[in-house]
Amino acid sequence: MKAITYHEYGKSDVLQFVEIPDPVPKDGEVLVEIIASSVNPIDINIRKGFLKAITGKKFPRTPGADLAGKVIESKHPDFKAGDKVYGMNEAMAGGCNAEKIAIPGAYLAEKPNVLSFHTAAIMPLSGLTCIQALIRKCAIKAGYDVLINGCTGGVGSMAVQIATAKQAMVSGVCSKKNEQLARNLGADHVVGYEHEDLYQLGKFDIIFDTVETLQLNKVKKMLKPGGKYITTKVNPNIMLRAKLSRKINYVNVKPDHTDLVLLTRMIEDKQIIPVIEKDYPLEFLAKAHDFVERGHSRGKVIVQVKAQGKK
Ligand SMILES: NC(=O)c1ccc[n+]([C@@H]2O[C@H](COP(=O)([O-])OP(=O)(O)OC[C@H]3O[C@@H](n4cnc5c(N)ncnc54)[C@H](OP(=O)(O)O)[C@@H]3O)[C@@H](O)[C@H]2O)c1
């Protein structure tokens, strides 16, 4: 099969478009023909070696955690050949920027009917991050005041929509150029990070920092009694602080069938509408990485493994 691989950590030019052997599914796994994938910032951090304490020195690596495609062969009782699926692999494992993957069935769910494979492929990692942060960890409720920092990126654009679907009052922080998009996604108040003092915005039940730019000591003072700050940043400092205070939380997204089914329901109920920034064919993954690395995506970037028409 064709896949992107790399044999050393480094810039995007380490990514090679190559032919490698097909994966073979083990018990509990499903062999999926991948039709589309996506790029998440974690793929870039792994490629650059920022996480090598965890990812080690085993090469080659294939990036990509998100996928949508068709089951070729199943060794999991819930799936059969021909099923249309979407899901995510462990972010550290990747492997989805390729034509096929052998992946645990527990990491997959039926693809939402209302989305094409290409659009479905951008949803799992960012969508599950928001579900696990806002619904599982922070128990978001109707009437909550919620602040979402970075509200038009891959994670933020879904966080605003999930918070809006839960009937929270959403304040979204983004750049001036994205203010209209933030409103379209459902934000009740839109705040430009270039011009406003974010630490004077009032008090919140949940503050979700999806882009890891807020200062913890200042943001803690913006929580209502019982309020929670949650960040996508995962490091030993935040993990320790989270152990010591119920106010401080982090999300470390994990593949989860139940959460994928919830994501599907929210997509099919039109509570979450995908925001697509760009798409790139698989062989141009390096360009997609360079784009995402700039840190100003509006929504998500699709990696086309098969052309849109070839479903
Ligand atoms: N821990 C986990 O489980 C987990 C899961 C998913 C993601 N993450 C992490 O979460 C972060 C965001 O991921 P993503 O997929 O949403 O990234 P993304 O799609 O690249 O979005 C980046 C966003 O950051 C915004 N931004 C840039 N500078 C900003 C600032 N100073 N203040 C507020 N917003 C700013 C950009 O908006 P403008 O264009 O308007 O500047 C853009 O919308 C990444 O670091 C990623 O690694 C962690």
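**Exercise 1.** Is Pro21 buried or exposed, and how many other C-beta atoms lie within 10 Å?

Solution. Begin with the basis of the exercise: this is a predicted model, in which local features need pLDDT of at least 70, side-chain atom pairs count only at pLDDT 80 or more, and totals for chains, interfaces and linings use all residues. Residues are numbered from 1 along each chain as its sequence is written. Then apply the cut-offs: a residue is buried if 20 or more other C-beta atoms, placed from the backbone, lie within 10 Å of its own, exposed if 12 or fewer, and partly exposed in between. Pro21 has 8 other C-beta atoms within 10 Å and is therefore exposed.

**Exercise 2.** Describe how the protein chain is divided and how its domains meet.

Solution. The chain splits into domain 1 (2-123 + 274-304) and domain 2 (126-250), with bounds that come from an automatic or database domain assignment. Their C-alpha centres are 27 Å apart. Where the domains touch, 8 residues of domain 1 are in contact with 9 residues of domain 2, contact being defined by C-beta atoms, placed from the backbone, that lie within 7 Å. On the domain 1 side, this contact has 3 nonpolar, 3 polar and 2 charged residues; Ala, Val, Leu, Ile, Met, Phe, Trp, Tyr, Cys and Pro count as nonpolar, Asp, Glu, Lys and Arg as charged, and the others, Gly among them, as polar.

**Exercise 3.** Work out which parts of the chain surround the ligand.

Solution. The shell holds 30 residues, of which Gly153, Gly154, Ser175, Thr232 and His296 are the closest; a residue is near the ligand if its C-beta atom, placed from the backbone, lies within 6 Å of it. Two or more residues are given by each of the elements α1 (41-47), α4 (124-137), α5 (154-165) and β9 (169-174), and the largest share, 3 residues, comes from α5. Domain 1 and domain 2 each supply at least three residues to the shell. By class, the shell has 11 nonpolar, 18 polar and 1 charged residues.

**Exercise 4.** Characterise the packing of α4 and α9.

Solution. The axes of α4 and helix α9 (residues 257-268) come within 10 Å and cross at roughly 100°, where axes are lines fitted to C-alpha atoms, for helices over the stretch in contact, and angles run from 0 to 180 degrees between N-to-C directions. This makes α4 roughly perpendicular to α9, since angles under 35 degrees count as roughly parallel, over 145 as roughly antiparallel, 65 to 115 as roughly perpendicular and the rest as oblique. Pro124, Gly127, Leu128, Ile131 and Gln132 of α4 make the contact with Asp259, Leu260, Leu262 and Leu263 of α9.

**Exercise 5.** Examine the backbone at Pro60, Gln167 and Glu212.

Solution. Most residues other than glycine have a negative phi, and most peptide bonds are trans. Phe59 and Pro60, however, are joined by a cis peptide bond with omega about 0°, and Pro60 lies in the loop between α2 (52-55) and β4 (66-74). Gln167, in the loop between α5 and β9, has a positive phi near 65° and is exposed, with 12 other C-beta atoms within 10 Å. Glu212, in the loop between β11 (204-209) and α7 (216-219), also has a positive phi near 65°, but with 15 C-beta neighbours inside 10 Å it counts as partly exposed.

Technical notes:
Contact = placed C-beta atoms within 7 Å. Helix = DSSP H or I, 4+ residues; strand = E, 2+ residues; numbered from the N terminus.
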